[in-house]
Amino acid sequence: MKDWDLDLEAHRRYTERAIAAGRKPPKLVHNLVFSMPKGTPPEKLLQAVRIFAREKFALQHRYAMALHTDQGHPHVHVVVKASASKMSG
């Protein structure tokens with residue numbers, strides 16, 4: 001979380017104000033799950049999700065991913081930081 005520079009205390013205060021005003025609070029991260037049927041090669045799924053994430057998020061958002069094979073079908077969790085990352089140039 002430190003690396004992603006998420007100010008959780010400021011987000012908590014903003015969330016409380018948004019809820020009090022009847023608005024939806026902003027998201028810090030978006031959670032995506034890419035799931036495939038049993039028998040799908042996990043490595044191929046992970047490779048496809050890596051390509052997708054790189055093409056869609058790499059230049060604008062920080063993201064992390066994890067492959068899971070513990071439930072009988074391979075799936076990849078991707079967590080994407082909601083606000084654009086600070087790019088140094």
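Throughout these legends, a residue is buried under 20% relative accessible area, exposed over 50% and partly exposed in between, using a 1.4 Å probe and protein chains only. This is a predicted model, with local features needing pLDDT of at least 70 and side-chain atom pairs counted only at pLDDT 80 or more, while totals for chains, interfaces and linings use all residues. Residue numbers start from 1 along each chain as its sequence is written, and side-chain values use heavy atoms, with hydrogens and water left out.

**View 1. The overall layout: two helices and three strands.** Helices (H or I, at least four residues) and strands (E, at least two) are DSSP runs, numbered from the N terminus. Follow the sequence and you get α-β-α-β-β. Of the 89 residues in the protein, 21% are buried. For contacts, the rule is heavy atoms within 4.5 Å. Take the contacts between residues at least 6 apart in sequence, and 53% of them join residues at least 24 apart.

**View 2. The open sheet, with its three strands in the order β1-β3-β2.** The pairing is antiparallel, and two strands count as paired if DSSP finds at least two bridges between them. β1 (29–35) and β2 (63–68) sit at the edges with a single partner strand each, so one side of each has no neighbour in the sheet. Neighbouring strands are turned by 15° against each other on average, direction ignored. The axes behind such angles are lines fitted to C-alpha atoms, for helices over the stretch in contact, and angles run from 0 to 180 degrees between N-to-C directions. As for β3, five of its seven residues are buried, so this strand is largely enclosed by the rest of the structure.

View 3. V33 and V76 are 43 residues apart along the chain, yet their C-alpha atoms are separated by 5.7 Å.

**View 4. The hairpin of β2 and β3.** These two strands run antiparallel and are joined by six bridges, with β3 covering residues 75–81.

View 5. L45, L46, V49, A53 and F57 are the buried ones here. Seen down the helix axis, the buried residues of α2 fall within an arc of 95°, so they line one face; that arc is taken from the directions from the helix axis to the C-beta atoms. These buried residues pack against β1, β2 and β3. On the face turned away from the buried side, α2 carries the exposed residues E43, K44 and E55.

**View 6. The aromatic cluster of F34, F52, F57 and Y63, linked by ring pairs.** Rings of Phe, Tyr and Trp (its six-membered ring) pair if their centres lie within 6.5 Å; planes under 30 degrees apart are stacked, over 60 edge-to-face, and the rest tilted. The structure holds three such aromatic pairs. One of them is F52 with F57, an edge-to-face pair at 5.9 Å centre to centre with 90° between the planes. Another is F57 with Y63, tilted, at 6.1 Å centre to centre with 55° between the planes. F57 is buried, with a relative accessible area of 14%. F52, at 30% relative accessibility, is partly exposed, and Y63 counts as partly exposed at 27%.
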